[in-house]
Number of protein chains: 2
Amino acid sequence: MSFTTQEEIKSFGGKIVKLQHDSKETKTKMDVNLYLPKQYYEKPDTKLPVLVFLSGLSCTPNNCSEKGFWQPYCNEYGFAMVFPDTSPRGAGVEGEDETYKFGTGAGFYVDATEEKWSKNYRMYSYISKELLPGLASAYSQLDFDNISITGHSMGGYGALMFYFRHPGRFKSVSAFAPISNPSNGEWGRTGFSVYLGNDKSKWAEYDPTELIKKYDGPTTPILIHTGKADPHYYEEHQLLPENLLKASEESKLKGKIISHMEDGYNHSFYFVSSFTKDHAAHHAKYLGLTSKL
Amino acid sequence: MSFTTQEEIKSFGGKIVKLQHDSKETKTKMDVNLYLPKQYYEKPDTKLPVLVFLSGLSCTPNNCSEKGFWQPYCNEYGFAMVFPDTSPRGAGVEGEDETYKFGTGAGFYVDATEEKWSKNYRMYSYISKELLPGLASAYSQLDFDNISITGHSMGGYGALMFYFRHPGRFKSVSAFAPISNPSNGEWGRTGFSVYLGNDKSKWAEYDPTELIKKYDGPTTPILIHTGKADPHYYEEHQLLPENLLKASEESKLKGKIISHMEDGYNHSFYFVSSFTKDHAAHHAKYLGLTSKL
């Protein structure tokens, strides 16, 4: 797979690199941002660990690159980041731009099985089988065998889902306001039924609250922050972190979910960025990194 | 003046407060964001210094609130911030939405004298005589007698301009990629001629490179960062920090401008946020604050 560099933007001594490539999975061009910390340029012989950040509904790779404020912590610990897009764009599927809840900006990190969507909306295979291996080939200085994953909202769900489905592939996982039990919230039910139809056994293959019950990998602690003033949490019950926690109690990860319910915080990047530092420290620990400050 | 609170968003333990008010100067509703750091809530008996951030062309109060990454430093030192808007909005002046270079989002912090604009485009009086005194009355816990000013691009020009025109009112000034000599760059010439006409003596009343020659206030050092890979700097010559520096050599501020020309950085908030920490430390020093970390 070959990437074309659209833009390189210096940031905190490193660079935000905006890439584009043709995807075999989505049959579209796909955008992805990297952040290469200053160590990438200063120490070309040192391999750098990688943290993947999966974004939420309606986001592009730019939202978290601009508002997540990861860059100083990438430099503090010495890890790169990958900010994938949230769906194919311009696939031409009828209805894909109708709502923020499915289609463009809302791929839900699944491989669609419903015929209409199944040709392009393959974000599960795209991320895990195409994008990450492709980046590993193109950026030999990045160590994709020493990789962790995090995300926000739909991307928090995605991070947990990939982590539980690939035991041991990621050194650690964390999430900001994740859709923790998508089969039981309106966003998740909408997305899953659009892409997967109404067979709930297919939904279970992607639902973190179902996946954790069968999880048999490493028992690294999992860090989750959720804002108690987030209407998607307290009013719409989209997030349901309590369901994931409850399921974890009967699982190999019993006691391993560190769930912080934070007073007063909403669902925005004002919330995410407030806890970026904590999540960076969490992943750094399991990526074998220490603060250089 | 009375403010209505549109939204309060928790961020890094403090709050972004989105305010709206009727302005006598612009004859429109105006938006402004505050950041109240955690000390505002934890220590209600302590008055907090204030830093004003003036934004650049096309920005609203939200751009820097989301992407500037000031909040952790507000908390580190204990100062509040004010993020004003960059123009009236919806004033109804013919042509105000025609280009990003004047009109909506591009008030240039002047009081327009050209008749068409003069009723509403009064950002100089709005900021200095209405907004800051109004906030001082409404927020008695903020110390508007201990205030500094900074800004980006058009807002960097604005910060320098207000500082030079009001010797001693602001404890310190800094700027990110300021339009340092607007009379001699295309953005500045366009804005000034639209609002002030073609009498260049009127332009000189707002041009930092002219104002510094007559400046007779405190000799506090002034911190400026400019990206050398910013096309508005190296290609379009909109910024002209070298002209301000040269003028300073014949002024009371000789040797007092600390101008950092930074390799590789562009004009975006990726550049601004990379140096926010340095500017926060600069202002904290002159606001009498020390790091609480």
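Reply: S58(B) sits in the loop between strand 4 (48-54) and helix 2 (61-67) of chain B. In this predicted model, the phi of S58(B) is near 80 degrees, a positive value in a residue other than glycine. A second case is A177(B), with a positive phi of about 45 degrees although it is not a glycine. A177(B) belongs to the loop between strand 7 (174-176) and helix 7 (186-196) of chain B. Its relative accessible area is 0%, and A177(B) counts as buried because the limit is under 20%.

Now the contact between the chains. Chain A brings 20 residues to it and chain B brings 20 residues. About 1,900 Å² is buried between chain A and chain B, and carbon and sulfur atoms give 58% of that area. On the side of chain A, K10(A), F69(A) and Y270(A) supply 38% of the area buried against chain B, more than any other three residues.

As for specific pairs, there are two salt bridges between chain A and chain B. One of them joins the side chains of K67(A) and E66(B), at 3.1 Å from N to O.

On chain A, the elements that give two or more residues to the side touching chain B are strand 1 (4-11), helix 2 (61-67) and helix 12 (269-286). Helix 2 of chain A gives the most, with four residues. By type, the residues on this side of chain A are six nonpolar, ten polar and four charged.

Definitions and conventions
Residues numbered from 1 in each chain as written. Chains lettered and ligands numbered in written order. Predicted model: local features only at pLDDT ≥ 70, side-chain atom pairs only at ≥ 80, totals over all residues. Heavy atoms only, no water. Contact = heavy atoms within 4.5 Å. Buried area = accessible area lost by both parts, 1.4 Å probe. Salt bridge = Lys/Arg side-chain N within 4 Å of Asp/Glu carboxyl O. Nonpolar A, V, L, I, M, F, W, Y, C, P; charged D, E, K, R; others polar. Buried < 20%, exposed > 50% of the residue type's maximum accessible area, 1.4 Å probe, protein only.
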